Amino acid sequence: MTASAPQVSVIASASRIVSKVGSSLVTNDGKGLDREAVAHWAGQIAALRQQGKQVVLVSSGAIAEGMARLGWDKRPTSMHELQAAAAVGQMGLAQAYEVAFAKHNLRTAQILLTHEDLADRQRYLNARSTLFALLRLGVVPIVNENDTVATDEIAVGDNDTLGALVTNLIEADALIILTDQRGLYESDPRKNPAAKFVAHACAGDLSLEAMAGGTGSGIGKGGMLTKILAAKRAARSGAHTVIASGREQDVMVRLAAGECIGSELRAELPVLSARKQWMADHLRMRGQLVLDAGATRALIEEGKSLLPIGVKEVRGEFEPGDVVACIDPSGKECARGLVNYSASDARRIMGQPSTKIADILGSVSETELMHRDNLIILD
Ligand SMILES: Nc1ncnc2c1ncn2[C@@H]1O[C@H](COP(=O)(O)OP(=O)(O)O)[C@@H](O)[C@H]1O
Ligand SMILES: N[C@@H](CCC(=O)OP(=O)(O)O)C(=O)O
């Protein structure tokens, strides 16, 4: 399970870093913005910039800060109240970061994203170009989910996942997840104070997922599981992850100096190209193609394209160019990719040989439903 013990933190050699801070840290366990902590992170990020490293900060805390500002001591359950709290709290977050970074002569920029923004290829490319432009300008981008519009359908859901998506979006070398624990333990240290600490492991190691309990604070959303899954996601673009305590003195600067702090989850998975990574990072898809055994084998074992003849059922509504899931006969998603036909046309040609497409639809745009160059196989 554990990788060989590193001598030097992976952060030392990272030149582009995404750092994520959780709600419990930013708002001191929901008691209002911890401006002192914010000032410390700003100072550390300023120091990293001085070393020539580019840093994007993903910060949670809008809902927790909004709750504090509105005088609510219990997290509301209604979506609209959560969204209202986030809208109130985001003002405080943006202001606190702006003030803290200005002390180091650094400008900040607010980036609010949803899953839908990252799933749409053009908006994804726009977000990427904007982030690169900001980094070139020496600005520190501060990212959060756009909670005002993020209902379940278009939400990323938690900022650990958002941190990984941003890591992949800008092809960062590393993701630092700062939380209220020293890092990952073999079980939740709040429930089991004797739990063993995991100093290093391979991102994507399945045994890690069993270690994670729920959230500790009641303020945060993700808990440790979303951090472990974020590390796995980031590893797909070759980025290493460190989960560490945001309360550890100068944690980011010391990591950059090579000190091993927290849990280091190394990227040792095969790296996907940026375009394939974009497909892999779709959290929700517009539709599914249910494959028969022969088509599943052709895709997974023979590296072939998907032809209409191997599709038994088309689920959902999609257009050509959308990312669609391929479901194997056991019901598991085995691949995903850009589909060449709309859902209604796919329904008409499924189960048919490609030679019949013209007769059925009146014309042929592609003989494949999904071309092998436009699909990824999932494990
Ligand atoms: N195996 C584990 N190792 C460490 N922390 C864990 C583990 N399982 C669950 N947790 C809990 O996850 C919490 C951190 O997640 P969360 O509250 O969502 O924080 P954040 O706001 O930083 O995202 C910790 O306080 C801890 O109680
Ligand atoms: N967008 C939400 C983030 C929710 C979230 O993921 O929180 P956390 O688990 O503390 O990172 C907010 O700012 O409150």
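Me: Which way do α2 and α4 cross, right-handed or left-handed?
Reply: In this predicted model, the crossing of α2 and α4 is right-handed.

Me: Which residues make that contact?
Reply: On the α2 side the contact is made by Arg35, Val38, Ala39 and Ala42, while α4 contributes Ala96, Tyr97, Ala100 and Phe101. Sorted by class, this contact of α2 with α4 has 7 nonpolar residues, 1 charged residue and no polar ones.

Me: And at what angle do the axes of α2 and α4 cross?
Reply: The axes of α2, which covers residues 35-50, and α4, which covers residues 79-102, cross at roughly 50° and come within 9 Å.

Me: Changing topic, is helix α3 mostly covered or mostly uncovered?
Reply: Helix α3, residues 62-70, is mostly covered, with 7 of its 9 residues buried. The buried ones are Ala62, Ile63, Ala64, Glu65, Gly66, Met67 and Ala68.

Me: What covers the buried residues of α3?
Reply: The cover includes α1 (23-26), α4 and the strand β4 (140-145). Just after α3 comes Gly71, which takes a positive phi of about 75°.

Me: How many residues are in the largest nonpolar core?
Reply: The largest nonpolar core has 77 residues, and those with the most contacts inside it are Ile11, Ala174, Leu175, Ile176 and Ala234.

Me: What does Ala234 touch?
Reply: Leaving aside residues up to four places away in sequence, Ala234 touches Ala164, Thr167, Asn168, Leu175, Ala203, Ala239, Thr241 and Ala267.

Me: Which residues does the second core include?
Reply: That second core, which is separate and has 25 residues, includes Leu306, Val314, Val324 and Ile327.

How values were computed. Residues are numbered from 1 along each chain as its sequence is written. Chains are lettered from A and ligands numbered from 1 in the order in which they are written. This is a predicted model: local features need pLDDT of at least 70, side-chain atom pairs count only at pLDDT 80 or more; totals for chains, interfaces and linings use all residues. Axes are lines fitted to C-alpha atoms, for helices over the stretch in contact, and angles run from 0 to 180 degrees between N-to-C directions. Helices (H or I, at least four residues) and strands (E, at least two) are DSSP runs, numbered from the N terminus. A crossing is left-handed if the near helix is turned anticlockwise from the far one by less than a right angle, and right-handed if clockwise. Two residues are in contact if their C-beta atoms, placed from the backbone, lie within 7 Å. Ala, Val, Leu, Ile, Met, Phe, Trp, Tyr, Cys and Pro count as nonpolar, Asp, Glu, Lys and Arg as charged, and the others, Gly among them, as polar. A nonpolar core is a set of buried Ala, Val, Leu, Ile, Met, Phe, Trp, Tyr and Cys residues joined through C-beta atoms within 7 Å. A residue is buried if 20 or more other C-beta atoms lie within 10 Å of its own, exposed if 12 or fewer, and partly exposed in between; C-beta atoms are placed from the backbone.
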